[in-house]
Amino acid sequence: MIVAETELSQEMLTEVAHLLDFGAGARLPHGGFGWLDTTGVPMPGRPRMLYVTCRMTHTYALGALAGHRGATEMARHGIAAINDVFRDDDHGGWFTAVDETTAEPVQPNKWAYPHSFVVLAASSATIAGVRGARVLLAEALAVFTERFWDETQGAPVEEWDRTFTTLSPYRGANSAMHAVEALLAATDATGDGRWAQKAHRISERMVVAARDHEWRLPEHYDEQWQPDLEHSADQREDPFKPYGATPGHSFEWARLLVHLGQGDADLNAAAEQLFHRAVTDAWAVDGEQGFVYTVDWQGEPIVRNRLHWVLCEALAAASVLGQTTQLLEYPTWLQRWWRYAGEHHIDTVGGSWHHELGPDLRPSTRIRPGKADIYHAVQACLLPVLPPARSLAGALAGTSVHLPEPPARGRWRGRGATDGQQ
């Protein structure tokens with residue numbers, strides 16, 4: 001069920017426009033996008049992160065496809081930074097992070113996670129017709145294939161040193177997930193189905209792993225893709241490699257399986273299993289609304305803080321599953337969670353969304369500071385008004401969705417919200 005031409009869809013499209021306006025402050029005059037603070041100003045002292053620049057580039061490419069003013073130039077700025085600021089001319093690939101002023105590499109190792117976002121940014125920008133994106137996409141896909149794709153395992157490797165000489169034995173579901181997202185976008189950008197075939201192989205492996213663990217997907221693996229359930233037991237709040245199962249990633253995988261499956265009954269069934277396990281484990285399990293960040297292998301909460309991206313992926317998964325299954329439970333969840341977003345996460349004073357709340361639903365910085373980028377929230381607000389497709393850029397290119405000129409923010413209240421509603 002697409003919620004186009006409803007009050008809810010208009011609220012979401014207006015929110016996208018607000019987010020794109022807020023994110024404009026991330027543009028750095030010396031290249032790329034900065035990590036935003038709570039007011040939309042780049043945080044000083046933080047390096048420029050490749051994945052942040054790529055996610056913002058992708059997001060503004062979506063904005064360009066939806067007619068947002070200035071979005072094409074923002075996407076072009078991002079493509080230029082990936083080419084000129086982050087590229088390693090000596091050894092190939094792109095640096096994970098560079099100094100905020102000198103652009104010297106501060107994290108020289110090469111990771112699959114940000115390299116997948118190079119593919120995603122270049123794919124979406126190619127579909128949006130951004131200058132330089134198609135050439136970058138060809139290079140990014142070549143690097144992915146030559147350096148990060150393990151044909152034997154049918155999945156990406158995780159981390160190289162700068163020279164692509166030493167490979168870490170760690171394998172991760174998070175980088176595999178974003179590889180799937182990027183490869184689906186690359187399929188739409190190039191018309192080459194081989195990229196979707198690789199995405200399918202990755203996803204099949206993850207579905208088996210989730211099924212083997214009661215649909216709580218292991219995040220961490222060894223080089224043979226055997227799950228390591230105790231990984232990060234000593235650093236349970238890690239923002240990238242936390243201990244236990246991460247319900248937000250189950251929502252994200254559910255969404256991607258629907259994008260990938262395009263009617264495949266087995267993938268859609270797996271998506272529903274992941275979705276329902278995540279809802280059961282994470283939604284309002286401690287007496288307050290919101291999704292806990294992580295749970296153990298019995299489903300008990302570990303980190304109870306509420307991260308905005310988990311909510312965003314829940315909204316996104318409910319959107320695509322509602323469209324695919326036509327079951328009323330999914331738009332019901334969508335509307336419930338949208339009310340919760342408006343009451344607790346959407347920041348009508350500072351702009352954007354509060355990226356983290358404590359268990360008391362007050363803003364927190366326990367796991368990470370600021371409002372790094374707008375990627376998750378923009379996608380969550382766009383998906384309910386788009387038809388089923390492999391990628392958001394591909395879907396937008398085939399529709400007449402146009403973002404409104406956002407009014408000045410007032411006190412935001414979700415559609416149908418009343419005091420005491422959940």
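Analyst: Quick definition first: helices are DSSP runs of H or I with at least four residues, strands are runs of E with at least two, and both are numbered from the N terminus. This is a predicted model, so local features need pLDDT of at least 70, side-chain atom pairs count only at pLDDT 80 or more, and totals for chains, interfaces and linings use all residues. Residues are numbered from 1 along each chain as its sequence is written, and side-chain values use heavy atoms, with hydrogens and water left out.

User: How far apart are the end C-alpha atoms of helix H1?

Analyst: Helix H1 covers residues 7–23, which makes 17 residues. The expected span of a helix is 1.5 Å times one less than its number of residues. For H1 that gives 24 Å, and the model agrees, with its end C-alpha atoms apart by 24 Å.

User: And how many residues of H1 are buried?

Analyst: Buried means under 20% relative accessible area, exposed means over 50%, and partly exposed is in between (1.4 Å probe, protein chains only). H1 is largely enclosed by the rest of the structure, because its buried residues number 14 of the 17.

User: What about helix H10: how far apart are its end C-alpha atoms?

Analyst: H10 is mostly covered, as 16 of its 18 residues are buried. The helix runs over residues 308–325 and should span 26 Å. The distance between its end C-alpha atoms agrees with that: 26 Å.

User: What is the phi of Leu 361 near?

Analyst: Leu 361 sits in the loop between strand S11 (356–357) and helix H12 (375–382). At 10% relative accessibility, Leu 361 counts as buried. Leu 361 isn't glycine, yet its phi is positive, near 70°.

User: Is Ala 103 buried or partly exposed?

Analyst: Look for Ala 103 in the loop between S2 and strand S3 (105–107). Its phi is positive too, near 70°. The relative accessible area of Ala 103 is 25%, so Ala 103 is partly exposed.

User: How many salt bridges are there?

Analyst: Side chains of opposite charge can pair when their charged atoms come close. A salt bridge here is a side-chain nitrogen of Lys or Arg within 4 Å of a carboxyl oxygen of Asp or Glu. By this rule the count is 21.

User: How many residues apart are Asp 88 and Lys 110?

Analyst: These two form a salt bridge, and their closest N and O atoms are 3.0 Å apart. Asp 88 is in the loop between helix H3 (71–84) and strand S2 (97–98), while Lys 110 is in strand S4 (residues 110–111), so to speak linking distant parts of the chain. Their separation in residues is 22.

User: Is Arg 162 buried or partly exposed?

Analyst: Asp 88 has 2% relative accessibility, so Asp 88 counts as buried. Arg 162 is at 26%, so Arg 162 counts as partly exposed.

User: How far apart are the closest N and O atoms of Arg 304 and Asp 286?

Analyst: Arg 304 is partly exposed at 34% relative accessible area. Asp 286 is partly exposed as well, at 25%. The two form a salt bridge, with the closest N and O atoms apart by 3.6 Å.

User: How far apart in space are Gly 45 and Asp 99, C-alpha to C-alpha?

Analyst: Gly 45 is in the loop between H1 and strand S1 (48–49). At 58% relative accessibility, Gly 45 counts as exposed. Gly 45 and Asp 99 are 54 residues apart in sequence, and in space their C-alpha atoms are apart by 8.8 Å.

User: What separates the C-alpha atoms of Pro 108 and Ala 81?

Analyst: Pro 108 is in the loop between S3 and S4. Pro 108 counts as partly exposed, at 32% relative accessibility. Along the chain Pro 108 and Ala 81 are 27 residues apart, and their C-alpha atoms are separated by 16 Å.
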